Amino acid sequence: MTESDRKRLMNRNYCIALGTTRRSAANPAAGFTLIEIMVVVVILGILAALVAPNVIGRIGDAQSNAAKADIRAIESAMKLYRMDNFKYPTTDQGIDALVQRPADAKNWPTGGYLDKMPKDPWGEPYRYLSPGQNGEIDVFTLGADNAPGGEGVDADVGNWSND
């Protein structure tokens, strides 16, 4: 046995003792050991455990922010309606007056003020009051629970609370 064969054998025994394999051009099909795969899986699990709560907690914030943006857009369309017709739609006409022309509308743009009736991020239609309880008009959603009041994602979001 030559000196180079002895070194190769010792290196191979050392790799076997550590549970690793020596990858070379002569053996391109050599894969990962079970220990290497388990270490990677554990690291990924730890990262997921740290990141997931932060991502999941942000979903409610994103829905509330989407509702605020929708409400600003509806309120802007209501102001355009008022400029064209000298009054806001009645509560009975509602937000639908921005999509379909009411009988008493004097001026009406082609295509209306909104393309379609918007729904809040929780799948419910936005609500509208004229006159409003918090201003000239109220455009609002009741939040995730679809009930008045609430906190967090269940809180009511309206044009009176838009920042």
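Q: What share of the contacts in the chain with a separation of 6 or more comes from residues 24 or more positions apart?
A: They account for 36%, where a contact means heavy atoms within 4.5 Å. Bear in mind that this is a predicted model: local features need pLDDT of at least 70, side-chain atom pairs count only at pLDDT 80 or more, and totals for chains, interfaces and linings use all residues. Residues are numbered from 1 along each chain as its sequence is written, and side-chain values use heavy atoms, with hydrogens and water left out.

Q: Why is Thr141 called buried?
A: Its relative accessible area is 1%, and buried means under 20%, exposed over 50%, partly exposed in between (1.4 Å probe, protein chains only). So Thr141 counts as buried. Thr141 sits in strand β2, residues 138-141, and its contacts beyond four places in sequence include Ala67, Ile71, Trp122 and Val157.

Q: What makes the link between the side chains of Thr141 and Asp120 a polar contact?
A: The distance is 2.4 Å. The cut-off is a pair of N or O atoms within 3.5 Å; within protein, one must be able to donate a hydrogen and the other to accept it, and residues adjacent in sequence count only if both atoms are side-chain atoms. The Thr141 and Asp120 pair is therefore listed as a polar contact.

Q: Why is Glu136 with Arg82 called a salt bridge?
A: Their closest N and O atoms are 3.1 Å apart, and a salt bridge needs a side-chain nitrogen of Lys or Arg within 4 Å of a carboxyl oxygen of Asp or Glu. So the pair qualifies. Glu136 is in the loop between β1 (127-129) and β2, Arg82 is in helix α2, and 54 residues separate them. Glu136 is exposed at 54% relative accessibility, while Arg82 is partly exposed at 33%.

Q: How do you know that Lys87 and Asp104 form a salt bridge?
A: Here the closest N and O atoms are 2.7 Å apart. Both residues lie in the loop between α2 and β1, so the pair ties together parts 17 residues apart in sequence. Lys87, at 32% relative accessibility, counts as partly exposed, and Asp104 does too, at 35%. A search of the whole structure finds two salt bridges.

Q: Why does Ile35 count as exposed?
A: Because its relative accessibility is 52%, Ile35 counts as exposed. Ile35 belongs to helix α2, which covers residues 34-85.

Technical notes
Helix = DSSP H or I, 4+ residues; strand = E, 2+ residues; numbered from the N terminus.
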